[in-house]
Each structure stands twice: as C-alpha cells, then as structure tokens.
Amino acid sequence: MKNYDRARGMSDKTSDIVLVVICSIVLLIVAYPLYYVVVASFSDPYEVYAGKTFLLPSGFTLDGDKAVFLNEGIISGFLNSVLYTVIGTVFSVGMLYITAYPMAQKDLPGRKLLSIFFLITMYFGGGLVPTYLVVKQTHLVGSMWSLFLPGGVAVGNMIIVRNYFQNSIPHELIEASEIDGCSKLRTFFNIVVPLSKPILSVMVVFSMVAYWNDWFTALIYLGGKGTPLPLVMRNILIKSSATASQAATISGGYAELNKLTELLKFCSMIIAALPMLMIYPFVQKYFEKGFMAGAVKG
C-alpha cells in the first residue's frame, strides 16, 4: 500500500526538489529589489536609468556614500530613529506585557468587559484631529513622547501575547510558584517572562519595525524637531535636491547635483533597511514559534 501511494504521487526526493525550486524563485523575487538598490547605490544614476545596471554596478562610484556621511540630516535622522526605536520598543513591549498578562488570568474581575473595551479601540477611533488635540492638551507636541504614548498599546499584538500566556504557559506552574511563596510580581518576572521569550522576540520585531518606519507621526507632532530617518528620506525624495553645502563641493553644475541627489536616494534606502536586516537573524529562531503559538485562539 505504501509503495502504491508513492507510485501515484511524487517521491520524497522529487517533492523536495520542487519545493526548493519554488522557494528559490520566491527568494529571488523578494531579495532582488533590495539587491538592485544596493547595486544602484554604487552605480552611475544615468547608467541605472538607461537600464545598464542588472547584477553588477555600472559606472562604479562612491559619491553617494560620501554624500550620505557628509549629510548632517541623514546622520542625525539615523541617530534619532535609533533612539526612538529603542525607547519605543521597550515602552510598547512593556505595556503589552503588563496589559496582556492580567488579561490572560481567568479570575480577573471584569475581564470580559475589559476585553470588549480593548476590542472597541481596534475598530473605532476619534481620528487625527481629536488625537492631535489630546496630544496638544497634554503638552506632548514637540516631544518625542508624542511618538509613544498615544499608541502605547497595540491591541492586536496584546491579544497575541495574551493568547500565548493562556496556551503556552501552564496555569498550574504559576499556582505552584505562588504556593511556594512567590509574589505575583516575582512570578511574573522569574517565570512568565523567561518562558515567553518566543513571543517577546516577535513583539520586539513588530515594534522595532513599526517605530523604525514611522514618519507620519513625527511629521504631525514633532514639527521639524528631532526628525527621524524615514522623514528625512521622504524630504529627500520629495524635494529631489541637495543641500547648499553639498552643492558647493561639486563641480559640474546642476547635472552633477542631480546625479548626487539620485545617489543619495539609493544610499539612504540602504541605511534605512540595514538595521532591521541585521537584527532579524538573531530573533528568527523564536519568530515562527512565538507567532504561531500566540495566534491560536484561547
């Protein structure tokens, strides 16, 4: 019977080859655009627009990289983004944990009412103007805390973390620790947090990507102060012009100035994507396990 089933379908080796081919094609489709940006950042922009750049740089140049490191806006924007991402991630993940853990306790008074309260915020919101007025009345406009406090708890992520606590951490283990004399706070930090590393890594990645790519919140609330890197890149892409200090160092007129601007676009994209690409491999082993466990309805 086993040999008959194999005769009707593909062999294990053949199916593995087919899966490897499909995954390789998908990898090429996903990875090539990023690779193309890397190649274009070292190429002459006119060669890129002429379609001469494919796998290797065409008209190799390092002018774009030099301009990036000389551009104070990009450097300060990068440092601001790092600061906002670190603070925002710690704050958001901390808020998720102190919200999701109580919600995972079945004996929590008013648990269903609180769940409804959180769910309503997922579907209904006051909009941009009321939110801005609230931020303004709390004197957060112009402060970096305006990037974190208004959306400190992502309800969708909180539900994922809550489900992980319910399904992956035995309630009997928590009861045993409390019987042994552990307080609820010590149980949370010594047992719950260490056992929830998979979902913790997932939430860290989600929060980091969200804060790193966020430019609209900074545009609305910061008013040009402490501009993060995505907003700097947006301004470069919209204005399509270099700074006067850079123009003074360039010979060749507006043609060379436009060339430098195009190189700045490609190089700034690399700088924006590189930190997330470097961090993800360190948490990838926890990512799938934590996400799948937390996504199961409890």
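## Valine 37 and its contacts

In this predicted model, valine 37 touches Phe266, Met269 and Ile270 when residues up to four places away in sequence are not counted, a contact being heavy atoms within 4.5 Å. Valine 37 is found in helix H2, which covers residues 12–41; helices here are DSSP runs of H or I with at least four residues, strands are runs of E with at least two, and both are numbered from the N terminus.

With a relative accessibility of 15%, valine 37 counts as buried, a class defined as under 20% relative accessible area, while exposed means over 50% and partly exposed lies in between (1.4 Å probe, protein chains only). Valine 37 and lysine 265 stand 228 residues apart in sequence, and their C-alpha atoms are 9.4 Å apart in space.

## The pair H9 and H10

Two packed helices are described by the angle between their axes and the distance between the axes. The axes of helix H9 (residues 171–179) and helix H10 (residues 184–195) come within 10 Å and cross at roughly 140°, where axes are lines fitted to C-alpha atoms over the stretch in contact and angles run from 0 to 180 degrees between N-to-C directions. H9 and H10 are therefore oblique to each other, given that angles under 35 degrees count as roughly parallel, over 145 as roughly antiparallel, 65 to 115 as roughly perpendicular and the rest as oblique.

On the H9 side, Leu173, Ile174, Ser177 and Glu178 meet Lys184, Thr187, Ile191, Val192 and Leu195 of H10. The residues of this contact divide into 5 nonpolar, 2 polar and 2 charged, with Ala, Val, Leu, Ile, Met, Phe, Trp, Tyr, Cys and Pro taken as nonpolar, Asp, Glu, Lys and Arg as charged, and the others, Gly among them, as polar.

## Histidine 139

Histidine 139 lies in the loop between helix H7 (128–137) and helix H8 (155–168), and its phi is near 60°, a positive value in a residue other than glycine. Histidine 139 is exposed, with a relative accessible area of 70%.

## The chain as a whole

The chain has 15 helices and 0 strands, and buried residues make up 34% of its 298 residues. Among contacts between residues at least 6 apart in sequence, 72% join residues at least 24 apart.

## Basis of the values

Residues are numbered from 1 along each chain as its sequence is written, and side-chain values use heavy atoms, with hydrogens and water left out. Local features need pLDDT of at least 70 and side-chain atom pairs count only at pLDDT 80 or more, whereas totals for chains, interfaces and linings use all residues.
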